[in-house]
Amino acid sequence: MNGHRMNGEKRNGEKRRLFIGGRWTEPDHGHYEVIDPATEEVVGLAPEASREQVHAAAAAAREAFTTWSRTRPEERAAILDRAADLIRRDLVACADLARAESGATTATARGMQVAVGAARFRRYARGALEPVEEPIAPQINEAGPMGRAGVFGALAVRRPVGVVTCITSYNNPWANPAGKIAPALAMGNTVVVKPAPQDPLSVHRMAEALQEAGVPAGVVNVVTGSGPEVGEAAVDCEDVDMVSFTGSTAVGQRIGEVCGRGMKRQLMELGGKGAAIVLDDADLDSAVAGIGTTFSFYSGQICTAPTRVLVQRGVHDALVGKLAGYANHLKVGDPAARGTVVGPVISAAHRDRVEAYVELGRKEGARVVTGGARPAGLDRGFYVAPTLLADCTNDMRVAREEIFGPVVVVVPFDDEEEGIALANDSDYGLIDYVWSGDVARAFRIARRLCAGGVGVNTVGRNMEAPFGGFKKSGVGRDVGSYALHAYGELQSIVWPG
């Protein structure tokens, strides 16, 4: 549970209500505090929904689906475009809230959270206009038990799934929800959004923008809660046809079990333990800049981070030295302050978890090259120093389990085959990376990695490329047009020519 449940007046910041059927509704179970990870102060009060209110939200979405799914694509596109305009209009205020409740730096909150959220609404405004029918080559059938001979035409048509529950992660309270809501609406679905309990207030702001943009009542609903009960109700409700979830593999597995019983469609973006293979011909400065994003970008709370560095022995010591130097030069502190690169992690509980992993690494035999202790001079806030663990082996828990913090582990290898084997020896398979001065060699290795994505000499992303994981890193693909496919069902229409 995040914060403390309250039933009285707000002490600080915003006091929010649930958004159900186009109405802002008082929660049945009062409110809980949303805490600023940098100051430990109250940002605002989020509503505690009851199970009945979650089901009411799904029922509202079900009722709205019939009309929304039949609206012209141009109308859906116009609403998504207006939402993007409104989010951009209020970017600074929205970013200030996102920074306060998530602990992201000001630059990250503006550029990677709110701005990306607006861009995703803009992208799926265009997506609403993409063709949903694909012609299939005619087929000549001979006479038989199925009828007379003839030429049969066919269309593959994408149809909306229905009511989609969107359960979002805490590490990006704008881009992640927008990446679910916008393509789902573009395809004609309606949604019940359950934000992460740690930073839900940004999603309420997003719902306000959608309401102002003209989204009809019931098309978007927002329910929140500090514990698992609200999410569970949003998954097992009979009115829900699909669940789109971003979060841990353990929670995703539990959601998948419930979805399996009801044959609900799923889109799961789960954990990762990204392997970064650094070969002996790599540009080490480029590799350090990429791997260093685990330290510098949102304190390593990113499932795609290159947290498991597999480095060829010939350049091992040089890479470890450069990574340590990079980490030691990063400014850790108040995310609102100019020049801060590393802010806090999301909560005290998560800080304790990350610290426990570092201590576990020590016990397993890893060498703490840098970090490993709380940053000096920061008496309040949930800070973890960028930490580098060397002398690791791939069977250590710190090398196998997702830490989700500013911690990088380094594992040496001798030859290319061993590097590939180590990279694939993981329960996860979200995004891996290869650094090599020989691009052909890097691509050859990339094709052998069991991961949904591979970055070659970069941690950058192409935002039209499919995104998702192999193995326990998820089910399905989104981003770009692939997200539209994820939120659609294929229907075949066949006729005699």
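**Exercise 1. Determine how exposed Glu401 is, and find its salt-bridge partner.**

Glu401 has a relative accessible area of 25%, so it is partly exposed, given that buried means under 20% relative accessible area, exposed over 50%, and partly exposed in between (1.4 Å probe, protein chains only). This is a predicted model, in which local features need pLDDT of at least 70 and side-chain atom pairs count only at pLDDT 80 or more, while totals for chains, interfaces and linings use all residues. Residues are numbered from 1 along each chain as its sequence is written, and side-chain values use heavy atoms, with hydrogens and water left out.

Next comes the partner. A salt bridge is a side-chain nitrogen of Lys or Arg within 4 Å of a carboxyl oxygen of Asp or Glu. Glu401 forms one with Arg397, where the closest N and O atoms are 2.8 Å apart, and Arg397 is itself partly exposed at 41% relative accessibility.

**Exercise 2. Find the salt-bridge partners of Asp352.**

One partner is Arg351, with the closest N and O atoms 3.5 Å apart; another is Arg374, with its closest atoms also at 3.5 Å. Arg351 counts as buried at 12% relative accessibility, whereas Arg374 is partly exposed at 46%.
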